[in-house]
Amino acid sequence: MDRLELTELTTLLRACAGEGEGIDLDGDVLDTLFLDLGYDSLALLQATGVIERDYDVLLDEEALDEAETPRQYLDLVNRALAARIAA
């Protein structure tokens, strides 16, 4: 896999931590804060562990701490996936 898409991320978030209360993850959530979506750092840590295992990639923990929206998170993951493929 060379890219993680929003649909895959939302499926993974639901599997790891359930769906945020009253939040429609199928809507336009790319720039919505994870906290507003009902996901805390523990949920993202679980999702990150699955991504690292399933996609055989190591993600920068400090950069992930700064990713506050799905768009920012996906950008970090996809840069790491692209770097892995280029290596």
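Glutamate 5 and arginine 3 join their side chains in a salt bridge, at 3.4 Å from N to O. A salt bridge here is a side-chain nitrogen of Lys or Arg within 4 Å of a carboxyl oxygen of Asp or Glu. The structure holds three salt bridges. This is a predicted model: local features need pLDDT of at least 70, side-chain atom pairs count only at pLDDT 80 or more, and totals for chains, interfaces and linings use all residues. Residues are numbered from 1 along each chain as its sequence is written, and side-chain values use heavy atoms, with hydrogens and water left out.

**Salt bridges**

- Glutamate 5 is partly exposed at 38% relative accessibility, and arginine 3 is partly exposed at 43%.
- Buried means under 20% relative accessible area, exposed over 50%, and partly exposed in between (1.4 Å probe, protein chains only).
- Arginine 71 pairs with aspartate 31, with the closest N and O atoms 2.7 Å apart.
- Arginine 71 lies in helix H5 and aspartate 31 in the loop between helix H1 (6-17) and H2, so this bridge ties together parts that are 40 residues apart in sequence.
- Helices (H or I, at least four residues) are DSSP runs, numbered from the N terminus.
- Arginine 71 is partly exposed, at 35% relative accessible area.
- Arginine 53 meets aspartate 54 at 2.9 Å, N to O.
- Arginine 53 is exposed at 60%, whereas aspartate 54 is partly exposed at 48%.

**Aromatic pair**

- There is one aromatic pair in the structure.
- The ring centres of phenylalanine 34 and tyrosine 73 are 6.0 Å apart and the planes stand at 85°, so the pair is edge-to-face.
- Rings of Phe, Tyr and Trp (its six-membered ring) pair if their centres lie within 6.5 Å; planes over 60 degrees apart count as edge-to-face.
- Phenylalanine 34 sits in helix H2 (residues 34-37) and tyrosine 73 in helix H5 (residues 70-86), 39 residues apart.
- Phenylalanine 34 is buried at 3% relative accessible area, and tyrosine 73 is buried at 1%.

**Largest pocket**

- The largest pocket has about 410 Å³ of space.
- A pocket is an open set of points on a 1 Å grid where a 1.4 Å probe fits, with protein on both sides within 12 Å along at least five of seven lines; lining residues have an atom within 4 Å of a point.
- Its lining has 19 residues, with Ser41, Leu44, Leu45, Leu64 and Asp65 nearest the centre.
- H2, helix H3 (41-55) and helix H4 (61-66) each give two or more residues to the lining.
- H3 gives the largest share, six residues.

Notes:
Rings of Phe, Tyr and Trp (its six-membered ring) pair if their centres lie within 6.5 Å; planes under 30 degrees apart count as stacked, over 60 as edge-to-face and the rest as tilted. Grid points are joined across faces, edges and corners, and a volume is the space filled by probe spheres set on the points.
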